[in-house]
Amino acid sequence: MIRAREVLGPGSALSRELDGYEDRPGQLAMAEAVEDALAGDRPLFVEAGTGTGKTLAYLVPAILSGKKVVVSTATRALQEQIFSKDLPLVRSILAPHGVEVRAALMKGLANYVCRRRLAELLSSPEAARVGTDRDLGRIVDWVKETESGDRAELASVAEDAAAWREVQSSSDTRIGAGCSFYDECFVTRMRREAEDASLIVVNHHLFFADLALRRGRSGEYASALPPYDAVIFDEAHQVEEIATDFFGVRVSSSRVESLVRDAKRAFVGAHLMTILGTGPGKALLDGVTSASMRFFKAVGARGTGGPESRRILSDRDLDGDVRGAHADLDANLDGLWAYALENDRHEAIGVIARRSRDLRSDLRDVLAGSSANDLGEVSAHVAWLDVRDRSVALGASPVELGPTLRESLFDRVPGVICTSATLATGAEGAGSFHFARARLGAPPQTAELVVPSPFDIPARAALYLPRDLPEPSDPAFEAAATERILELVGVTGGGAFLLCTSTRAMKAFHKRLAGRITQPLMVQGEAPKHLLLSRFRASGHAVLVATMSFWEGVDVPGHALRLVILDKIPFAVPTEPVVAARCAQIEREGGNPFAEYTVPVAAITLKQGFGRLLRSKKDAGIVALLDKRAVTKGYGKKLLAALPPATRVHAMDEVRSFWSRIESETVRDA
């Protein structure tokens, strides 16, 4: 049997194939730990510092294991990187050993066009839109030519295009083997390729959508992935947040609107409604629409709006107007369900019946959860309300995910491997996985490994921790922090990320810096993320002001990014419903929610922000945390202990001295 060491170690095919190959003991240690975990069907947690080469460290043993392995990562971009960049390299280094790599890429259903939904749209009264809706016309033309049905091929149609939402596939709309388009379905084709593969690359959203479906209501549509023997979670620090969404429920005004649109098309296709919109189904759909508008208007009036608009939904929010509107909506959905069930000879009508039933059930679950919130009862879920400018949503999210994941994942799948650059809390190289294991429900027999970064972090990075700025709660903080940001940017000549913990702070700092900074100034939202990053890299001296979406998953190696400024410690918003419910539960159990939940979550997020700086051995720069609480409060020691061992500095003179040395070394080595 071929071992990972033969493939990745000195004298291996990798050493001959990879330009600039260097022996990586950390990579080998991780690969052998993954190899042992897969062979022994044991769970494993691995924190692998930047530069470890963790992707190869899990791909190689996964393929050599002879098992069917799912690799799940955080984003589609990382999926594409693994499938299009890393796997071809693995193929080339395994080829001399006679090992075949059979891999498949599976994206979430919403990435694929649904032929049935498109056909229903083109048979509906809205078919005339093909001539006027440019996006829809492009989709229709593209479907005639595409082999994959993957919207990634449709660069000319914006990601948020309304036309795409009307024809995309989803677990709600999928019929399965009973669909007349099943054999030519793009999702069916994707799944068949995955069934034939030994390694499947997915993202966390698809993985947990599949896991939630397997636990939920039965039916042919109740799974997305084929059976597998093991799963490897890359970027595993995001698992709890993403899985929380999929093991909860969400009901929104847009969900009802989508149901009504699809029902109209299905009724026309089944000859239950004329193309002009007359017939018995019309009154039912009009009733659902008007009842939905009344309900969401009533419940939306209880919201606050704004960027941080999600709050706990309590029984006090459900006054007579809301309860009356809910009763009306429930009755209309019941009527739609009964009518669809009575006329489900057409496959699409059966989908409408199922969606109507599920919508009623989900809404009842959410409103039932609000009573527990109001009474302060212990509940497995927390109900919440989210009011935005153009939409209203209600939901119920699990408070504790650990027991669910233990039952649905760790007890069911023989091998579960979780890895990330930020998974442990505590000092790097000796970090503890206690927090991550408890949150994810990992069993006692879980193995652990921390692989420190191979980079010379003390020599290449400085962590600036000022003591002289006001605390973030002080009204003087913003002005003082702006002056310090200008000083820091002046030291490095730009090449800076200013990462903020809120949209409000991002906008405020951008406004204060505008006109005072000589380098190109960019702000998140003024262009798509990939374009902003492209411009930032090309400039070499830009300053980008952004929020949490740039704290992780953003890779800017080289001199273009040499300064990362964090406005404050990234504590979770305490009023966010899930955060509040989890803290309340810890307190009920006699624990300290700040120490046991808030601080560890902030430590992992802070480590992610730091991780933007050094992406290769040649990189160097400064991370500045402008929150003095990191050095004045007792919990600051725990936060800082989790960070890589950068040189700690507290004064601007020390910052200048460090950067002067880096510049001198760069000139000398050039």
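**Note on helix packing and cavities**

1. Phe477, Glu478, Ala479, Ala481, Thr482, Ile485 and Leu486 of H19 touch Arg504, Ala508, Phe509, Arg512 and Leu513 of H20. Contact means heavy atoms within 4.5 Å. By class, this contact holds eight nonpolar, one polar and three charged residues. Ala, Val, Leu, Ile, Met, Phe, Trp, Tyr, Cys and Pro count as nonpolar, Asp, Glu, Lys and Arg as charged, and the others, Gly among them, as polar.

2. A word on the basis. This is a predicted model, where local features need pLDDT of at least 70, side-chain atom pairs count only at pLDDT 80 or more, and totals for chains, interfaces and linings use all residues. Residues are numbered from 1 along each chain as its sequence is written, and side-chain values use heavy atoms, with hydrogens and water left out.

3. The axes of H19 (residues 477-492) and H20 (residues 503-513) come within 10 Å and cross at roughly 60°. Helices are DSSP runs (H or I, at least four residues), numbered from the N terminus. Axes are lines fitted to C-alpha atoms over the stretch in contact, with angles from 0 to 180 degrees between N-to-C directions. H19 and H20 are therefore oblique to each other. Angles under 35 degrees count as roughly parallel, over 145 as roughly antiparallel, 65 to 115 as roughly perpendicular and the rest as oblique.

4. H13 (residues 280-300) and H14 (residues 320-342) have axes that come within 8 Å and cross at roughly 155°. That makes H13 roughly antiparallel to H14. Their contact includes Leu284, Leu285 and Phe295 of H13 and Leu329, Leu333 and Tyr339 of H14. By class, the contact has 14 nonpolar, seven polar and three charged residues.

5. Now the cavities. The whole structure has three of 30 Å³ or more. A cavity is a set of points, on a 1 Å grid over the protein atoms alone, where a 1.4 Å probe fits but cannot get out; lining residues have an atom within 4 Å of a point. A volume is the space filled by probe spheres set on the points.

6. The largest cavity has a volume of about 120 Å³. Of its 15 lining residues, Cys114, Arg116, Arg174, Cys179 and Cys185 are the closest to its centre. H6 (115-122) and H9 (186-196) each give two or more residues to this lining. The lining has nine nonpolar, three polar and three charged residues.

7. The second largest cavity holds about 50 Å³. Its lining includes Arg116, Glu120, Asp262 and Arg355. H15 gives the largest share, four residues.

Terms used
On a 1 Å grid over the protein atoms alone, a cavity is a set of points where a 1.4 Å probe fits but cannot get out, and a pocket is an open set with protein on both sides within 12 Å along at least five of seven lines; lining residues have an atom within 4 Å of a point.
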